[in-house]
Structure formats: C-alpha cells, structure tokens
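Q: I am new to this structure. Could you show me how to read it, one feature at a time?

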Amino acid sequence: MSSSLEMSSRDAPLVQAHHLRKYFPAATSILRRRRGGVIRAVDGASFDIYRGETLGLVGESGCGKSTTAHLILMLERPTSGQIFFDGTELTALSRRQMRPLRPRMQMIFQDPFSSLDPRMTVESIIAEPMQEHLKASRAEIRDRVAHLLELVGLAPDHADRYPHEFSGGQRQRIGIARALALNPDLVVCDEPISALDVSIQAQIINLLQRLQDKLGLTYLFIAHDLSIVRHVSDRVAVMYLGKIVELADKDSIYHEPLHPYTRALLSAVPIPDPLLEEKREYIPLEGEIPSPENPPKGCNFNTRCPLAIEACFDAEPDLVEQAPGHWVACHLARTED
C-alpha cells in the first residue's frame with residue numbers, strides 16, 4: 001500500500017509511511033547479550049496522514065504504536081521502508097539534513113511528570129527549542145513564551161515557576177506549549193492524556209482540538225482508549241503486533257469494523273446505555289499477544305482469532321481496500337466479498 005490511500009477530495013498527504021519496519025536485536029534482561037533473534041516492533045506498517053486531519057492509532061500495549069511514532073519523527077531510523085514528509089523522503093536524509101525539518105514535526109509525550117526537566121523554569125522549557133532553531137532575541141523569545149502560555153490556558157506569569165508547582169493537567173499544557181513553540185505542521189500525541197485524572201482528560205482533549213482548528217495542525221493521536229480516539233480522530237488505524245490490520249474513517253471503524261481484532265476491541269468499550277450494554281455481544285480474546293520476536297506464521301492474529309480458517313495459518317493477508325477508504329488485512333474479509 002502506498003499513496004493509493006489518497007482520497008480524491010483531499011490534497012496530497014502530509015505524511016506517507018510505506019512498509020515501515022523496525023527490528024531490534026533480542027537480548028537477555030540481565031547480561032544484555034544478544035541471542036541472535038530480532039524483536040519486530042514494527043513490521044510492515046503503511047499509512048498516510050493528510051494535512052489538517054487527526055489519524056488515531058490504536059492497539060494493545062506493546063503492539064508498536066510508540067515505535068511507529070518515533071519512526072515518523074525520525075527519532076528512530078527504520079530497519080526498512082520509507083517515510084515522506086510533505087514530499088521529502090526523510091529516510092534518505094542524514095541527521096544534518098533532517099535538522100531544518102525537525103521544527104515542523106513535534107511531539108507531546110505521555111507523562112507530563114517525567115517529560116519536563118524539574119531543574120528548568122517553564123520559560124526555559126518552552127524557550128529551549130526556540131533558542132536551538134530560531135534566530136530571535138531574548139525579548140522576542142520571552143514574548144513568544146507568554147503568548148504560548150496564554151494559548152494553552154496558562155497565565156504568562158507562570159513562566160518563572162518550576163514544573164513541581166503545577167498539577168498534572170497544567171504540566172501537560174506546558175508540554176503542549178513546548179511542542180507548539182516552533183509552529184509545527186505535524187504534532188504526534190503519544191497517549192497525551194493516559195497519565196492524567198479523568199476529570200482533566202476532557203479539558204486537554206478540547207484544548208488540542210481548539211489548537212488544531214486555530215493553527216491548522218495535523219495530529220497523529222496514539223491511544224489505547226477507543227472512546228477517546230473516536231472523539232478526536234478523523235480516521236483510525238488499528239495496530240496489532242507491529243502491523244496495521246484495519247484503517248478507515250472513524251464512522252466505518254466504529255459502525256462496520258471488518259477485522260476480528262477491531263470487533264473484539266470495540267466490544268470491550270463500555271456503552272453508557274444499560275439496555276444497549278446488556279444486549280450487545282462481547283467478543284473475548286483468548287491468550288496473550290504473541291512475542292514480536294517469534295510472531296505466528298500467516299496472519300499474526302491467528303492464535304487469538306475466534307474465526308480463523310486454514311488460510312490464516314498459511315499466508316499473511318495483505319492490507320486491501322475492501323470499500324472506498326476502508327482497508328483491512330484479513331482473509332475472511334476477502335472471502336466475504
């Protein structure tokens with residue numbers, strides 16, 4: 001799958017990921033000796049992110065979501081595959097050649113407690129990327145910091161305080177301000193609310209949406225909470241054991257899921273209506289996710305799929321467009337055509 005994912009109603013994608021793979025050497029936990037095998041953290045993932053949209057990336061812990069984010073930002077170099085950003089192939093660039101593009105790609109981290117340096121003031125934290133990449137005076141940077149703090153709902157006089165003086169939600173707002181300091185096009189949100197109290201999560205989600213509307217941002221939104229992803233995303237990619245198994249607009253994913261794994265995930269999402277909750281079918285998943293060091297032959301979901309047929313154990317399914325804009329990697333989806 002490549003740029004054929006493009007929709008006629010959209011411009012060319014801002015980000016294109018083609019057959020991304022990231023393998024890490026396997027090692028013991030104590031002596032860190034290599035065993036000769038590899039950990040297939042990301043194993044052939046392909047997707048596009050269109051300018052101004054939010055692509056949600058969901059899946060169980062350990063499926064490769066965060067590694068995919070690091071690859072898109074070129075914090076990790078892929079073992080193979082290609083990444084294009086606004087038409088430029090990032091995977092063909094050296095570290096030095098990447099430097100002019102880095103301001104356009106930023107990240108909001110999962111944990112606002114560990115992602116902010118406790119020894120630095122808020123002003124220093126937000127100003128650091130500007131000092132590194134912009135030619136601006138101290139006064140201009142200080143004005144920019146004050147503007148960014150107001151933009152994320154904090155007071156300009158918070159600039160002289162330290163991270164420990166703020167709540168978790170306020171710290172995440174500081175992290176968001178830092179991510180916006182260089183006017184990025186793409187912001188990767190790596191589970192940005194999972195470490196926050198439930199009462200604060202909606203405030204941060206609403207802030208991210210307001211900023212997207214105001215600044216024209218493009219988001220890759222990584223989460224394991226499907227209800228949150230449904231609320232914030234335009235399209236959703238479902239990941240399992242390093243592979244994208246389904247990709248479609250959010251309405252298609254939530255109302256007409258085609259992959260058994262997607263159906264199982266959705267069946268576990270609580271419904272606030274007791275009558276509907278009582279009537280719907282719950283699809284249990286047996287066992288654990290297989291080791292990415294030794295994935296199953298054929299479809300990597302075959303060890304847990306309640307619908308697996310013989311073909312699922314023999315051949316890996318390709319990611320195929322089953323309906324306009326709706327991609328799925330499943331032998332059953334094709335046989336049901």
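Q: Which residues is Ile176 in contact with, leaving aside its neighbours within four places in sequence?
A: Contact means heavy atoms within 4.5 Å. By that rule, Ile176 is in contact with Ile108, Val152, Ile204, Leu207, Leu208 and Leu211, leaving aside its neighbours within four places in sequence.

Q: How many residues does the largest nonpolar core have?
A: A nonpolar core is a set of buried Ala, Val, Leu, Ile, Met, Phe, Trp, Tyr and Cys residues joined through side-chain atoms within 4.5 Å. Buried means under 20% relative accessible area, exposed means over 50%, and partly exposed is in between (1.4 Å probe, protein chains only). Here the largest core has 58 residues. Ile126, Met130, Ile176 and Leu211 have the most contacts inside it. A second, separate core has 35 residues, including Met98, Leu186, Val188 and Ala237.

Q: What kind of model is this, and what do its values rest on?
A: This is a predicted model, in which local features need pLDDT of at least 70 and side-chain atom pairs count only at pLDDT 80 or more, while totals for chains, interfaces and linings use all residues. Residues are numbered from 1 along each chain as its sequence is written, and side-chain values use heavy atoms, with hydrogens and water left out.

Q: What pLDDT does the protein average?
A: pLDDT is the predictor's confidence in each residue, from 0 to 100. The protein averages 89, and 89% of the residues score at least 70. Over residues 1-9, pLDDT stays under 50. The model has 24 contacts beyond four places in sequence for that stretch.

Q: How many helices and strands does the protein have?
A: Helices (H or I, at least four residues) and strands (E, at least two) are DSSP runs, numbered from the N terminus. The protein has 12 helices and 12 strands. Buried residues make up 50% of its 337 residues. Take contacts between residues at least 6 apart in sequence: 63% of them join residues at least 24 apart.

Q: What does the accessible surface come to?
A: Accessible areas come from the Shrake-Rupley method with a 1.4 Å probe; for residues, only the protein chains shown count as cover. The total for the protein is about 16,600 Å². Carbon and sulfur atoms account for 49% of that surface.

Q: How far apart are the end C-alpha atoms of helix H5?
A: The expected span of a helix is 1.5 Å times one less than its number of residues. Helix H5 (residues 168-180) has 13 residues and should span 18 Å. Its end C-alpha atoms are 19 Å apart, which agrees.

Q: Why is H5 largely enclosed by the rest of the structure?
A: H5 is largely enclosed because 12 of its 13 residues are buried. Among them are Gly168, Arg171, Ile174 and Leu180. The buried residues of H5 pack against strand S6 (105-108), helix H3 (122-133), helix H4 (138-151) and helix H6 (198-215). H3 has buried residues too, including Val122, Ile125, Ile126 and Met130. H4 and H5 are among the elements that cover them.

Q: Is Ile174 buried or exposed?
A: Ile174 is found in helix H5. At 0% relative accessibility, Ile174 counts as buried. Not counting residues up to four places away in sequence, Ile174 touches Leu116, Val122, Ile125, Ile126, Leu154 and Phe166. Ile174 and Leu154 are 20 residues apart along the chain, with 8.3 Å between their C-alpha atoms.

Q: Which backbone oxygen lies 2.9 Å from the side chain of Gln106?
A: A polar contact is a pair of N or O atoms within 3.5 Å; within protein, one must be able to donate a hydrogen and the other to accept it, and residues adjacent in sequence count only if both atoms are side-chain atoms. The backbone oxygen of Arg102 lies 2.9 Å from a polar atom of the Gln106 side chain. Gln106 lies in strand S6 and counts as buried at 17% relative accessibility.

Q: Where is Asn183 found?
A: Most residues other than glycine have a negative phi. Asn183 has a positive phi of about 55° although it is not a glycine. Asn183 is found in the loop between H5 and strand S7 (186-190). At 56% relative accessibility, Asn183 counts as exposed.
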